[in-house]
Amino acid sequence: MAARVQQLILGLGSGKQASISAAAATFLRFKKLDTSLTTPKPVFENDAAEIGKGHEFITQTFPSHYDVGNRIEKYASAEFVTWAVAYALGNIAQTGSSAPYTYTITPLNPGTTLELPYFSLVEQVAEGGGNAIDNLHVGCAMEDFTYQFNYGPGRASSKMTVNWVGSGLLTTPSGITVPALTTENNMLAASMALTINGVDYVGSKRILSGSIGWKNNLLLNAGFFPGSGLQNGLQVRGRMEVGARVPSFQFTARLLSGSPEYATLVNQTTGTAVLSVQHDAGNSVTFTFQQMAFQMAENTEADGIVAVTVTGAPQYNATNGVLSVVTKCGLTGIAQ
Amino acid sequence: MADLKQEMADVAAAIEKLETQTIAPTAPPAPGKVRLRHPHTGDTKDVDAVPEAMVPLMCTGYQQVKE
């Protein structure tokens with residue numbers, strides 16, 4: 001017997017964990033595009049380099065730690081983007097008494113905590129009447145997300161990719177009954193509104209592609225602190241704190257006579273950058289960089305059309321911070 | 001000595017009274033409002049449930065409170 005990768009059942013914890021070691025109680029089941037399967041990697045050291053053995057070969061191995069992490073690449077739905085951004089930024093307020101719910105999400109303030117909300121993740125692959133894979137990863141944190149948009153038809157015009165890291169805490173078999181697939185509302189790039197530094201890039205039909213990113217640079221080694229815990233004799237992380245976080249924004253637009261990008265770069269003009277995309281009025285996402293300068297503007301081409309690729313330099317605004325994300329979707333309790 | 005005994009009795013009575021008091025439930029925020037609290041200072045604000053009002057507080061560390 002064998003199992004196809006499409007049999008993968010991926011369950012993402014909906015509510016945040018009460019602590020890094022307490023698994024979530026509710027899960028959302030999502031489809032994804034990449035074929036990667038998560039491996040709970042136990043890492044072992046050896047004594048090959050140690051002196052006094054009489055040779056350079058391994059005579060003994062030693063348990064070290066668990067190394068767990070993976071990526072999830074998906075078409076951007078309001079539901080998944082909400083889930084990903086909530087766990088990546090960390091400060092979430094859900095409002096609305098009935099669907100659609102509104103999530104207002106900002107980066108956590110390091111003066112209050114360095115730890116993002118932890119989530120659980122379960123992977124199951126049925127095989128031969130049992131499971132080839134049935135792992136519950138407890139105490140996971142979001143390392144980064146990238147929202148990408150492109151010209152072209154279909155769901156590929158709007159995608160979301162995340163990378164996550166696990167504490168190493170693992171339950172096998174998971175004991176989780178993953179619910180039915182979440183009904184997702186995909187947001188095509190054709191629905192986009194984009195205004196950067198006062199310039200409407202959709203109204204002028206200039207925008208071609210771009211990306212919005214956030215990287216937490218999690219302090220992974222610091223998670224293995226004295227007393228962080230052991231599993232099967234291997235160290236597991238007892239915390240995952242954000243390091244120096246990096247927001248990013250890049251876009252490519254057609255270059256026309258009078259295009260303002262070069263002047264904006266040279267003058268270091270700043271303003272907001274607001275990108276909205278939606279499925280309908282009840283399923284949407286709006287990214288707002290509160291203060292954006294341009295760091296680079298390079299002339300390029302796309303399908304033979306002259307264009308300019310701009311790399312933004314998101315700045316911290318004294319009133320509104322660096323980035324806020326407002327989403328609407330029918331799911332309640334995400335990261336709550 | 002009598003003063004001290006009386007003071008201790010007063011304190012004990014005050015503690016007993018405090019312990020028997022039922023804590024009044026905190027009213028939820030009014031419709032259209034959201035309750036945000038700073039985890040360190042304890043300062044609590046009910047603000048309009050719109051990003052323009054919420055984001056400036058949230059980026060300084062205020063977090064949603066659900067009563």
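Guide: Two residues are said to be in contact if their C-beta atoms, placed from the backbone, lie within 7 Å of each other. The structure above is a predicted model, in which local features need pLDDT of at least 70 and side-chain atom pairs count only at pLDDT 80 or more, while totals for chains, interfaces and linings use all residues. Residues are numbered from 1 along each chain as its sequence is written, and chains are lettered from A and ligands numbered from 1 in the order in which they are written.

Visitor: Which residues are in contact with Phe149(A), leaving aside its neighbours within four places in sequence?

Guide: With those neighbours set aside, the contacts of Phe149(A) are Ser157(A), Ser158(A), Ala189(A), Met192(A), Ser209(A) and Gly210(A). Phe149(A) itself belongs to strand 9 (residues 130-150) of chain A, where a strand is a DSSP run of E with at least two residues, a helix is a run of H or I with at least four, and both are numbered from the N terminus. In sequence, 128 residues separate Phe149(A) from Val277(A), and their C-alpha atoms are 9.8 Å apart in space.

Visitor: Why is Phe149(A) called buried?

Guide: A residue is buried if 20 or more other C-beta atoms lie within 10 Å of its own, exposed if 12 or fewer do, and partly exposed in between, with C-beta atoms placed from the backbone. Phe149(A) has 25 other C-beta atoms within 10 Å, so the word buried applies.

Visitor: What makes Lys205(A) and Ala335(A) buried or exposed?

Guide: The count for Lys205(A) is 10 other C-beta atoms within 10 Å, and therefore Lys205(A) is exposed. Ala335(A) has 25 such atoms, and therefore Ala335(A) is buried. Lys205(A) is found in the loop between strand 12 (199-200) and strand 13 (207-215) of chain A, whereas Ala335(A) is in the segment after strand 20 (323-329) of chain A. Lys205(A) has a positive phi of about 60 degrees although it is not a glycine, and for Ala335(A), also not a glycine, phi is positive at about 60 degrees.

Visitor: Why are strand 2 and strand 3 of chain B said to stand at the edges of their sheet?

Guide: In chain B, three strands form an open antiparallel sheet in the order 2-1-3. Strand 2 (44-48) and strand 3 each have a single partner strand, so one side of each has no neighbour in the sheet. Strand 3 pairs antiparallel with strand 1 (residues 33-37) of chain B over two bridges, and the partner of Leu36(B) in strand 3 is Gln64(B). Helix 2 of chain B packs on this sheet, touching strand 1 and strand 2, and its direction makes about 150 degrees with that of strand 2, where axes are lines fitted to C-alpha atoms, for helices over the stretch in contact, and angles run from 0 to 180 degrees between N-to-C directions.

Visitor: How many residues does each chain give to the contact between chain A and chain B?

Guide: Chain B gives 14 residues and chain A gives 13. On the side of chain B that touches chain A, helix 2 (51-58) and strand 3 (63-64) are the elements giving two or more residues, and helix 2 has the largest share, with five. That side of chain B has nine nonpolar, five polar and no charged residues, where Ala, Val, Leu, Ile, Met, Phe, Trp, Tyr, Cys and Pro count as nonpolar, Asp, Glu, Lys and Arg as charged, and the others, Gly among them, as polar.

Terms used: Pairing = 2+ DSSP bridges.
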